[in-house]
Amino acid sequence: MAQQDKAKIGLIGLGTMGSALALNIAEKGFPIAVWNRRSDATRTFHAEAGDLAERVIPTESYEELVAAIEKPRAIILMVPAGAPVDEQIAALRPLLDADDMIIDAGNANFHDTNRRVRELDDVSFLGIGVSGGEAGARHGPAIMGGGEKELWDRVSPILEAISAKFKGEPCAAWMGREGAGHFVKAVHNGIEYADMQMIAEVYGVMRDGLGMKADAIGDAFARFNEGALQSYLIEISSIVTKAADKHTGEPMIDLILDKAGQKGTGRWTAIEAQHLAAPIPAIEAAVVARNLSSRVAARREGEELFGAAPMQIPESTVSDEMLERALIAGKVLCYAQGFDMIAAASEQFGWALPLPEIAKVWREGCIIRSAMLDDMAAALAEDEDRNLMLAPVFARYLREGHVALRELVALGARYGHPMPALSSGLSYFDTMRTARGTANMIQAQRDYFGEHGFERIDGIEDEHGPWHGHGV
Ligand SMILES: NC(=O)c1ccc[n+]([C@@H]2O[C@H](COP(=O)([O-])OP(=O)(O)OC[C@H]3O[C@@H](n4cnc5c(N)ncnc54)[C@H](OP(=O)(O)O)[C@@H]3O)[C@@H](O)[C@H]2O)c1
């Protein structure tokens, strides 16, 4: 095959995401060679590629795939995270040259990406986080790159071309070395969990507290989507609450079991936050809420024993505006936590993660895309080190919204509506605006039983209390 007839890039794994990404790449004018473990899937993919088939080179062996790609080669892996990625790397390595590149575009744990970057000395490795689901992959995802910058620069013309665009700007950027791209993607998913959970909590108040029908709840979300909450997640929340089941004609949402699935990226974010000592309580609460949602039998038993929890809330105590403001405040607090975690990782791993750039990349293509992210990008560009809740535009939302959030959480507590993410967002807010907290009590206890010592506030140099020597 002459060099000019060769593919610009290769791709392994023609599942949901791989197929969509390959078509996107072909559509943007880049010939692509593809390979799938099951060759029948490769043949079907090629046969169904329509006009784009002429830019797709189907291959049925690793050798054929490698031979079909222009040198230095770049091959995208779009297979499940973990062992399948290591298997594909092991199969490709002997066939590749030192300047060839393997790109893992799946949802890898960033620790695995760090390891692969370190281990692979005979081939180059890039880890990219791709967000936006199947539609995003097909028409424009948000892409977060990690690895050596020169490697990113080599493939960025393709990745930028296929990415989503916000006012013409590509939503694809290099985040940093090693697993930085996959790390940022994991935090994106953690934020996604909390954003979704907060929406679900407000949905619960409308459904169980106010007895609103699904269609009316859909209307409320549609209204929210016209203001500061404008986002993909609010938009689809309106769509899914208004949709009718094709079998029964009932609202689809009312027939779905309240048991949330997860693939683990939210959990990774929560675990990593603990390692980093980065406080992300709303995200952690959202992960816990998904775990608790799967305890269906235990929850039914609890309801039988203690009586149903969510009671009607007097209508006069809740307004649409209050729900919207509470959700705005919750959302700001959740993103403030996510970016705070990114800043903590940036420092701890020495990655110099570009916080404003991250907010920019998330403005389009990904699941958490929203109008607010544009303001976040501007606020972070002004001062990267400042917690987002302190930036003037978000401080204003919080000043206006924390009262609504407080009232809603109080109603939740009074009438039995669980609000793990919204209430932990509120606790975070209250903690972050309390100059003199209560950790002096923790320090006194620690000094009493363990002689751990403490710092005094009056400058006297004595780090132990009068109980010194009396502890256990
Ligand atoms: N779905 C999403 O919305 C989404 C969004 C962002 C990121 N991701 C990530 O993208 C990656 C792919 O997800 P997907 O949704 O496209 O999965 P999928 O539809 O299940 O497709 C998986 C693909 O990987 C191949 N595969 C599985 N195990 C393999 C192995 N051991 N060796 C070689 N090939 C193997 C499958 O080949 P066969 O056809 O032979 O089974 C198939 O082509 C995952 O890391 C996922 O977390 C998914």
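Me: In which loop is the place of Lys-167?
Reply: In this predicted model, Lys-167 has a positive phi of about 45° although it is not a glycine. With 7 C-beta neighbours inside 10 Å, where 12 or fewer make a residue exposed, Lys-167 counts as exposed. Its place is in the loop between β8 (165-166) and β9 (169-170).

Me: Is Glu-451 buried, partly exposed or exposed?
Reply: Glu-451, which is not a glycine, also has a positive phi, of about 50°, and its place is in the segment after α19 (439-450). Most residues other than glycine have a negative phi. Because Glu-451 has 14 C-beta neighbours inside 10 Å, and a residue is buried at 20 or more and exposed at 12 or fewer, Glu-451 counts as partly exposed.

Me: What is the omega of the peptide bond from Lys-71 to Pro-72?
Reply: Pro-72 lies in the loop between α3 (62-67) and β4 (74-77). Most peptide bonds are trans. The bond from Lys-71 to Pro-72, however, is cis, with omega near -15°.

Me: How far apart are the end C-alpha atoms of helix α17 (residues 392-415)?
Reply: The helix has 24 residues, which at 1.5 Å a residue should span 34 Å. α17 bends by about 45° at Gly-401, and it is followed by Gly-416, whose phi is positive, near 75°.

Me: Which elements are included in what covers the buried residues of α17?
Reply: The buried residues of α17 include Phe-394, Leu-398, His-402 and Leu-405, and also Gly-401, the residue at which the helix bends. An α-helix has 3.6 residues a turn, so residues three or four places apart point the same way. The cover over the buried residues of α17 includes α8 (180-209), α14 (320-349), α16 (372-382) and α18 (420-432).

Me: With which residues is Leu-233 in contact, leaving aside its neighbours within four places in sequence?
Reply: Leu-233 is found in helix α10 (residues 232-242), and with 19 C-beta neighbours inside 10 Å it counts as partly exposed. Its C-alpha atom is separated by 8.4 Å from that of Ile-199, which is 34 residues apart from it along the chain. The contacts of Leu-233, with those sequence neighbours left aside, are Asp-195, Met-196, Ile-199, Ile-367 and Ile-368.

Me: Which elements give two or more residues to the shell around the ligand?
Reply: The ligand is surrounded by 24 residues, and the closest are Gly-15, Met-17, Arg-37, Gly-106 and Asn-107. The elements that give two or more residues to this shell are α1 (16-27), α4 (83-92), β6 (124-131) and α6 (133-139).

Methods: Residues are numbered from 1 along each chain as its sequence is written. This is a predicted model: local features need pLDDT of at least 70, side-chain atom pairs count only at pLDDT 80 or more; totals for chains, interfaces and linings use all residues. A residue is near a molecule or strand if its C-beta atom, placed from the backbone, lies within 6 Å of it. Helices (H or I, at least four residues) and strands (E, at least two) are DSSP runs, numbered from the N terminus. Two residues are in contact if their C-beta atoms, placed from the backbone, lie within 7 Å. The expected span of a helix is 1.5 Å times one less than its number of residues. The bend at a residue is the angle between axes fitted to the seven residues ending there and the seven starting there.
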